[in-house]
Amino acid sequence: MPYQKKYLPLVLGVAIAAGIFIGGKLNFTDSPDRLFSTNNSKKDKLNRLIDYIDYDYVDEVNTDSIVDVTVNGILDNLDPHSVYIPQKDMQRVTENMKGDFVGIGVSFYTYRDTITVVRSIENGPSAKAGIRGGDRIIMANGDSLYGEGLNDGELVKKLKGPINTKVNLKVYRKGEPELLNFTVKRSVIPIKSVDATYMLTEKLGYIKVNRFAESTYKEFKKGLTKLKELGATEIALDLRDNPGGFLSIAEQMVDEFLEDDKLILFTKNKRGSIEKSFATKKGDFEDGKVYVLINENSASASEIVAGALQDNDKGTIVGRRSYGKGLVQREMELGDGSAVRLTVSRYFTPTGRSIQRPYKNGNKDYYDEYYERLESGELLDPEKIKVADSLKFTTPKGKTVFGGGGIIPDVFVPLDNSMHNETLIYIKRYPFIDNFVFRELDKDRHVFDGISRRNFIDSFEVEEDWVYALQDYVNIRINNKITFVAYHTEVKQYLKATLADQLFGEGAYEEVFNQRDIMIDEVIKLSDGK
């Protein structure tokens, strides 16, 4: 799996949220025969037009592409979250939402036309075989994996394969006189949806969830159990930049915090059919405090969690107004390996509010709302949040909450401009920091041999030379002149977090980065009663 940057710009998070769906759990009473026997004349018209073009049009035309354009055109006239998934994208999308894939278990990037291992995934097949960070994978089953013209997709295909099959790798390792041979048995590799689990204070545990995939609840439950064993009586659940996912996973997560029979949410389709979801007896953290961290890119399933807890007067929502996605999608196959995720209902929080923001002015305006929030000052001042009295609701304990466009937090935390200026946003948009850190680390990995994870996080400091070297590295590649003079502290934070990730993985990035996070600081203050 290609190595991906963890912290992309906020705007990208907004775009990603459009393609993420909440898994439907609705019952459909219409039979397939009835559904597909109606409006035959409309379907016949489209089929005939495509046939005419296919057989009689003067030039050769790829009618498959016409069908794709037609499907996208239809969906564009519905809502922003009904989306088409072409056949070529189905495997990637399915793996992402399932939460795993079959492979050899390495994070890598292509460095000088060669697969270069950033880190072997802990307890994965490559780690067990002895492959390390810095290794170059030269060949797989006799096929060369280096040279110009090979893209990451082609390289991944050579490393993937059926589960339990073996792949013979030839690896170059700096300092070794000859290529090393490894036999790796492919296995199921998790795509982590829980980025970090650790203690912020003696009583406050922290869990960062990046999406709601099929595997997310099991990861979350494992992390929650670990934190309880470490003495956590309070949990900071970080859902910032989480674009959502499966509805059922969000319900299971909420159930850990809500008492029995509390309403989690309800859904309503166009026929007026309502389905309600309630908490069960299985919650393991019903007596503990919970703080939910959200921002403008927390969408769909993230908002279900925040809304359910807020409306039940459970915990505290901290951050900025969430994305505002209250539509439920259901994935439907189209018969040729492609699929459509079609909006089939709306969901409502326990008090009855819909948090879906308006989309009547078209998709462009819908996705550009981030810029409106930025320009209006809403991301810095809670008084600038637009609310309508007609969308006012009251929780059981008398707290006022609003519908109509996202979850408004109980405790507002402004955007940290020191970490979100144009220069930092630009260098984070591309893998400059990741690649730079890898190259510096690759010069001599033994420098860090005696440093433990805990000691690195608590005590290691990035030298000023690295900041200037990164500045030169970026300027050479963009043929421009940027400077980090005003942002040395922030750049050091990114460098240290990235270095921690490449050395240790398993949440080290978040644990370093959170040391200067103003929203984390606010949660710690709330936990301490300040």
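Predicted model: local features only at pLDDT ≥ 70, side-chain atom pairs only at ≥ 80, totals over all residues.
Two strands are taken to pair if DSSP finds at least two bridges between them. Strands β3 (residues 106–111) and β4 (residues 114–120) pair in the antiparallel sense, over six bridges. Within this pairing, Thr110 stands opposite Ile115 in β4. Two residues lie between the strands of the hairpin, and Arg112 in the turn has a positive phi of about 55°. Strand β3 is largely enclosed by the rest of the structure, because five of its six residues are buried.

Asn123, which is not a glycine, has a positive phi of about 65°. The place of Asn123 is in the loop that runs between β4 and α6 (125–129). With a relative accessible area of 61%, Asn123 is exposed, since the term applies over 50%. Asp261 is another non-glycine residue with a positive phi, here of about 70°. The loop that holds Asp261 lies between α9 and β13 (263–268). At 61% relative accessibility, Asp261 counts as exposed.

Next comes an open sheet. Its six strands follow the order β10-β11-β12-β15-β16-β21, and their pairing is mixed. The edges are formed by β10 (194–199) and β21 (411–412), each of which pairs on one side only. Inside this order, β12 (residues 234–238) and β15 (residues 289–294) run parallel and are joined by five bridges. Ile235 stands opposite Val290 in β15. Helix α10 (residues 301–311) packs on the sheet, where it touches β12, β15 and β16 (316–319). The direction of helix α10 makes about 135° with that of β15.

Charged side chains provide a further set of links, and the structure holds 28 salt bridges. One of them joins Arg240 to Asp517, with the closest N and O atoms 3.0 Å apart. Arg240 sits in the loop between β12 and α9 (247–255), while Asp517 sits in the loop between α18 (508–513) and α19 (518–527), so the pair ties together parts that are 277 residues apart in sequence. Both Arg240 and Asp517 are buried.

Glu511 pairs with Arg454, and the closest N and O atoms are 2.8 Å apart. Glu511 counts as buried at 9% relative accessibility, whereas Arg454 counts as partly exposed at 43%.

A further salt bridge brings together the side chains of Glu490 and Arg516, at 3.9 Å from N to O. Glu490 lies in helix α17 (residues 488–504) and Arg516 in the loop between α18 and α19, so here the parts tied together are 26 residues apart in sequence. Glu490 is buried, at 9% relative accessibility, while Arg516 is partly exposed, with a relative accessible area of 29%.

Salt bridges can also be joined into a network, as they are for Arg321, Arg357, Glu369, Arg373 and Glu378. Two members of this network, Arg321 and Glu378, are touched by Ile385, which also touches Ile408, not counting residues up to four places away in sequence. The place of Ile385 is in the loop between α12 (369–376) and β19 (392–394). Ile385 is buried, because its relative accessible area is 11% and the term applies under 20%.

Ile74 lies in helix α4 (residues 63–76) and is partly exposed, with a relative accessible area of 46%. Together with Leu46 and Leu78, Ile74 forms a nonpolar patch on the surface. The accessible area of these residues together is about 260 Å².

Definitions and conventions. Residues numbered from 1 in each chain as written. Heavy atoms only, no water. Helix = DSSP H or I, 4+ residues; strand = E, 2+ residues; numbered from the N terminus. Contact = heavy atoms within 4.5 Å. Axes fitted to C-alpha atoms, helices over the stretch in contact; angles between N-to-C directions. Patch = residues over 30% accessible without salt bridge, like charges linked within 9 Å, V, L, I, M, F, W, Y side chains within 5 Å. Areas by Shrake-Rupley, 256 points an atom, 1.4 Å probe, with all protein chains shown as cover. Salt bridge = Lys/Arg side-chain N within 4 Å of Asp/Glu carboxyl O. Buried < 20%, exposed > 50% of the residue type's maximum accessible area, 1.4 Å probe, protein only.
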